[in-house]
Amino acid sequence: MTPADYDFLRASLKERSGLVLSADKQYLVESRLLPVARKSGLANLGELIVALKTSADDGLMTAVVEAMTTNESLFFRDKTPFELFRSTIMPALLAARRAPRLIRIWSAAASTGQEPYSLAMCLKEMEREIAGFRIEILATDLSNDVLAKARAGIYTQFEVQRGLPIQLLIKHFTQNGELWQMAPELRAMVKYQQLNLLKDFSQLGMFDLVFCRNVLIYFDADTKIDVLNRLARVTAADGYLVLGAAETVVGLTDRFKMLPDKRGLYVPNVSAPRPASAADKPMPRLVAVGGGR
Ligand SMILES: C[S@@+](CC[C@H](N)C(=O)[O-])C[C@H]1O[C@@H](n2cnc3c(N)ncnc32)[C@H](O)[C@@H]1O
C-alpha cells in the first residue's frame, strides 16, 4: 500500500466513522482489510483502493469501515456503571418519573449487544421497583454486522464467560451446543437501530440515560466535543450520561459535569451557557422505539 493509499483510507475512515488512525497503523489496516479485499475478489489492497475510489456502490466502503472499527464488548463491562445503574441512576429516575412512568435509555455504541442486555438483565432483577413503568432501551451502532449479532442475542462460550455471572447465564440464556442465546423476553426489551454518531441524532428524542461507552476514545478532540454537545441536547436535564473508563468530558465540554465519587457518571450541567442554534429547539419527549415493557 502506498503512502497515498494509506492517507486516502485514513481520510475516508475519519469522515465515515470518526475513527482516527495514526500514521503508524499500516499493519493493522493491512491485516483487517486484506480479507475484505479477498471477499470482493480483489487480489490486494492496491486493487481495493482502486475499487473504493471508482465504485459507485457504497457497500465496499461500508465493509471497510466495519472491518476497521473495534467491536470489542463484554457483559457488565467495568462493573461500576452497572452498579451505579442499580444503586444511583434507576432509584433517582424512578422517583423523578412517577409521571409519565416512562424511562428512556440509549446505548449509543452498543456493538454486539452485551451492554444493552446487561442493562436489561439489571432491570429484570428490579422487577418490583419498576412495576408500572415503561422502560425503553434503544441500542444503536454504526455497524449493521454487529447489530445483526446483537439482535440474534447469540454468544459463544468465551463471550458468556466474560463478565456474566453464572446465575444470570443460567437464568436468561439457553444453550445450543457451543452457543448461548439470550431469552426472547430479554431480547424484546431492547430495540436496535443503525446510527452513525457523527450524524444528527436529534430525531431519536430525549433520553433519561445515555450509555456512550468506549467509542469516543477512537475520535479526535473536535469530534468528541461535537458528539458530547449533541448528546447534551438529547439528555434530560435531570438525566445521566455514562462514558467508558478511559473517557471523560473534562477539557472537552462544560455541558456535562462529573458526579463526585461516581466514576464515569455525568449529569447535564444546567448552568452551562447553551449557544442558540437550530439544533437547540425542544425535542419531543415521547418517541415510540418499541421494546417497552
Ligand atoms: C469498542 S465498541 C464499544 C461497545 C460497548 N459500548 C462497550 O463499551 O462494551 C465500539 C463500538 O462503536 C461503534 N462505532 C464506531 N464508530 C461509530 C460511529 N461513528 N457511530 C456509531 N457507532 C460507532 C463500533 O461499530 C463499535 O461497535
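Q: Helices here are DSSP runs of H or I with at least four residues, and strands are DSSP runs of E with at least two, both numbered from the N terminus. With that in mind, where does Asn214 lie?

A: Asn214 is in the loop between β7 and α12. Before we go on, this is a predicted model, where local features need pLDDT of at least 70, side-chain atom pairs count only at pLDDT 80 or more, and totals for chains, interfaces and linings use all residues. Residues are numbered from 1 along each chain as its sequence is written, and side-chain values use heavy atoms, with hydrogens and water left out.

Q: Thanks! Is Asn214 buried or exposed?

A: Asn214 counts as buried because its relative accessibility is 18%. Buried means under 20% relative accessible area, exposed means over 50%, and partly exposed is in between (1.4 Å probe, protein chains only).

Q: What about Phe76, what is its phi?

A: Phe76 is not a glycine either, and its phi is positive, at about 50°. Phe76 sits in the loop between α4 (59-68) and α5, and it is buried, with a relative accessible area of 8%.

Q: Which residues does the cis peptide bond join?

A: That one joins Ala99 and Pro100, with omega about 10°. Pro100 is in the loop between α5 and β1 (102-107).

Q: Let's switch to the ligand. How many residues surround it?

A: There are 20, and the closest are Ser73, Arg77, Ala109, Asp141 and Asn214.

Q: Which polar side-chain atom lies 2.6 Å from a ligand oxygen?

A: That atom belongs to Ser73. For Asn71, a side-chain N or O atom is 3.0 Å from an oxygen of the ligand, and for Ser111 a polar side-chain atom is 3.4 Å from a ligand oxygen. Taken alone, the ligand exposes 600 Å², and the protein buries 98% of that. Those areas come from the Shrake-Rupley method with a 1.4 Å probe; for residues, only the protein chains shown count as cover.

Q: OK, Arg213 next. Where does it lie?

A: Arg213 is in the loop between β7 (207-212) and α12 (221-234). Arg213 counts as buried because its relative accessibility is 3%.

Q: Which side chain makes a polar contact with the Arg213 side chain?

A: The side chain of Asp78 does, at 2.9 Å. A polar contact is a pair of N or O atoms within 3.5 Å; within protein, one must be able to donate a hydrogen and the other to accept it, and residues adjacent in sequence count only if both atoms are side-chain atoms. A polar side-chain atom of Arg213 also lies 3.3 Å from the backbone oxygen of Arg77.

Q: Last topic: how many residues are in the largest nonpolar core?

A: That core has 44 residues, and Leu123 and Phe173 have the most contacts inside it. Helix α5 (residues 80-96) gives the most to this core, with seven residues. A nonpolar core is a set of buried Ala, Val, Leu, Ile, Met, Phe, Trp, Tyr and Cys residues joined through side-chain atoms within 4.5 Å.

How values were computed: A residue is near a molecule or strand if one of its heavy atoms lies within 4 Å of it.
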